[in-house]
Amino acid sequence: MSGESLFPALEPLLEQVSKPIQYVGGELNSTVKPWEVGGDGTVRWALMYPDAYEVGVPNQGVMILYEVLNERPDALAERTYAVWPDLEALMREHGVPQFTVDAHRAVGDFDLFGLSFSTELGYTNMLTALDLAGIPLHAADRDDSHPVVVAGGHAAFNPEPVADFVDAAIIGDGEEAVLVVTDIVGAWKREGRPGGREELLLRLARTGGVYVPAFYDVTYLPDGRIQRVAPNRPGVPWRVSKHTVMDLDAWPYPKQPLVPLAESVHERMSVEIFRGCTRGCRFCQAGMITRPVRERSITGIGEMVERGLAATGFEEVGLLSLSSADHSEIADVTKGLADRYEGTNTGLSLPSTRVDAFNIDLANELTRNGRRSGLTFAPEGGSERIRKVINKMVSEDDLIRTVAAAYSAGWRQVKLYFMCGLPTETDEDVLQIAELAKRVIETGREVSGRRDIRCTVSIGGFVPKPHTPFQWAAQLGADETDARLDKLREAIRSDKRYGRSIGFRYHDGKPGIVEGLLSRGDRRVGRVIEAVWRDGGRFDGWSEHFSYERWMAAAAAELGAQGVGLAWYTTREREESEVLPWDHLDSGLDKEWLWQDWLDALDETEVEDCRWTPCFDCGVCPQMGTEIEIGPTGKTLLPLTVLGAGRERMTATP
C-alpha cells in the first residue's frame, strides 16, 4: 500500500553495510507526517540531494524546501540521499526500492521527486535513484502512476544534458516555486487528475516558471550547432524565467535546522546572511545566476541564529553567502553576535571571505572566544594580469595585508584557492601562485614572530559555465592542465626556505573535462550519462569512484555517432552567433551584456561592483522585476551583556 514504511525490509540489510546510521532517519528536527495529512489533495514531495548522506544532509537548499513544504497542512516532504554501492547491491537483491530516510517510504509512491543539483557530477546518482525507485529512466516512458521528476539547483540552469530523464526543471530560488508547484499539483489531484500527466505538466509549463523539456523541440545545423529550441505545445512560453525571492527576512528558513545522526561535511548551524553577488567575477556562475544582491537584516540574522542554536545545540554558526564579508553590516553582525555569545563556546565562521573585505577587526570578532575555524581566501588567479581577465579585483598587496591581519590575530594557517586553465592563461600566470604563496609565508613569519606558519594552496580546474561571460570560452585540456600544475608543484617544492611550509592540493584535469561536458552539453549528452551509468558509474564527484576512462569511452561511442565529440563540447571556443543550449532559460542576464563582458575579459578590462556604482545594465533588475536590497538598517543587536552571564534575550532597537 502507498506510503507504508519499508523499514522492516531494510533493517536486516543495514548490518551488512558501511555507516548504516545514515539510512535510519530520526534526526533532531526531522519531520514525519501522516501519508493522508491533507486528505485526497495531499501533495507529497520526495526531496533528494543526489550524493551521500554526509554531503547531502547539511545542504541548505534541501533543508529549506523540506521545512517550507512541511509547514503546509496539505503537503508533506521527506528526504532521500544516494545510497552507497554496498547497499545498492543488497537493495537490488532483496527488492527494496529507493526510500526516504524520514518514514522509509518508497520514493515511487510520492507525487513529486525533486532533485537539487549543485554539481553536474551527481547526474549518475540520479539515474541510480530513479532505477531503484522503479521510475522509468526516460520521462517519455512514465505514466500517471510515476512521480513527476523535477530538477533544481545551480546545475538546473542548463538541464539539457538530463532533459531525457527529468519531467521538469525549476531555475532560481526554490522557496516560492515549490509552493506554486504544490498548489498546481494539489488542484489537479482534487479535480480528479484531468488529462493525466500531460495536463499536469502543461499547467506547470504555462506558468512560465517551470521548464518541461518534452514540450520543446531542438533542431540542429549540419555542423552540429543548435539551430533553434522551440515549444511544441500551445501556451508554452518560448523562454522560461528564473524565480527570485525578495525580502529574505520574510523567509527565515531553516527555522529548525536538521542535526545529522552521522558525521557530515559541515558540523555547524548556518544562516544565509545574503543571497546574490554583483562582484562580477566572470568565471562564477553562482554570482551571475543569483543576482540581484538581497541582504538579510541584522535583526533577521540575529533572530535566526538565536532560534537555530536553541533548536540544534551546535557550537558553531556559519554566516553563509557567496562573499559573507561583503554584507553591508558585517562588522555590526559579527560584533553583535560575538558580544551576545561570549562565554558560551559558540564560535562564528565566515566560510566564504573575500581577500579585500577581511580586516583585523573582523578577525578579532571571529576569534573572540578562542575558537578558530579555518580561514580560506580565494585570489583565484596567480598574477595581476589574470585577475583582471577574470574581474577579480584583488591585488597582491591586498592579499598580503589580509593574511598579515590573520596571522597577527593568531591564525597559524590559511588556505588560498586558485584556478588553473582560465581564459588567456599562460604558464607564467600559474607559476606566480608559487611566488605569492612564498610571500604569504614570509609575511606570516614576520608579523607573528613564529616559524610554524603554514599556507595551503588549493587548485581547482576552471570549467566554463552557462550564464557567465566565460560561457563562450575554450576549456583547457586535461593533459595541458596537468602539465601546468606539475610545473607549479615543482616551483613550490624546490624552494628550500618556504617549500616545507606550503601545502599543495589540486585536482587533476580529468574530472574537470567531464564536468565541462556536462555543464555546457545539450540533449545529445544524455546518452553519454546513461551509458556511463549502465557501465557502473556512481558517485562521480568522489575521486575514488570517478572513472575518466569510463566517461571517455562513453563519450567516444555516443557522441561520435551524432557527428560531435568531447572536444566539440569542451575545448572549443564558441562564437557570439551560436545558439547555446540554455538560451531559452532566462537567468535575467542580457546575452549581449555577457558577450561584452567576455570581450572586456579578453582586453583585461575590470568592471566595478554595481552595488556601489551606477548600473551596468546586466539586465537582471528590469527583466526580473527585482532590485538590489542592501543595508545599512541602522539597527543593532542588544543587549551587549553576554548570554553566558544569563542575561536578557536578544532584542532589536532602531
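Rings of Phe, Tyr and Trp (its six-membered ring) pair if their centres lie within 6.5 Å. In this predicted model, a search of the whole structure turns up 14 aromatic pairs.

**Aromatic pairs**

One of them joins W472 and W595. The arrangement is edge-to-face, with 5.0 Å centre to centre and 85° between the planes. This pair links distant parts of the chain, 123 residues apart. W472 lies in the loop between β16 (454–461) and α15 (478–493), while W595 belongs to helix α20 (residues 591–602). Buried means under 20% relative accessible area. W472 has a relative accessible area of 0%, so W472 is buried. W595 has 16%, so W595 is buried too.

F539 and W542 also form an edge-to-face pair. Ring pairs bring W84 into a cluster with F539 and W542.

**Charges over rings**

The charged end of R572 sits over the ring of W568, 4.0 Å from its centre. R340 lies over the face of Y341, at 5.9 Å from the ring centre.

**Salt bridges**

Side chains of opposite charge can pair when their charged atoms come close. How many salt bridges does the count come to? The count is 53 salt bridges. Three of them are listed here.

| Salt bridge | N to O distance |
|---|---|
| E78 and R105 | 2.4 Å |
| R523 and E160 | 2.8 Å |
| D429 and R385 | 2.7 Å |

Start with E78 and R105. E78 is in strand β2 (residues 75–81), and R105 is in the loop between α4 (85–94) and β3 (112–116), so their bridge ties together parts that are 27 residues apart in sequence. Both E78 and R105 are buried.

Next come R523 and E160. R523 sits in the loop between α16 (509–519) and α17 (526–534), and E160 in the loop between β4 (148–152) and β5 (168–169), so this pair ties together parts that are 363 residues apart in sequence. R523 and E160 are both buried.

D429 and R385 connect two helices. D429 lies in α14 (residues 427–448) and R385 in α12 (residues 384–389), so the pair ties together parts that are 44 residues apart in sequence. Are these two partners buried or exposed? D429 is buried, with a relative accessible area of 6%. R385 counts as partly exposed, at 26% relative accessibility.

Salt bridges that share partners also build one network from D173, E175, E272, R275 and R294.

Key
Residues numbered from 1 in each chain as written. Predicted model: local features only at pLDDT ≥ 70, side-chain atom pairs only at ≥ 80, totals over all residues. Heavy atoms only, no water. Salt bridge = Lys/Arg side-chain N within 4 Å of Asp/Glu carboxyl O. Helix = DSSP H or I, 4+ residues; strand = E, 2+ residues; numbered from the N terminus. Buried < 20%, exposed > 50% of the residue type's maximum accessible area, 1.4 Å probe, protein only. Phe/Tyr/Trp six-rings, centres within 6.5 Å; stacked < 30°, edge-to-face > 60°. Lys NZ or Arg CZ within 6 Å of the ring centre and 35° of its normal.
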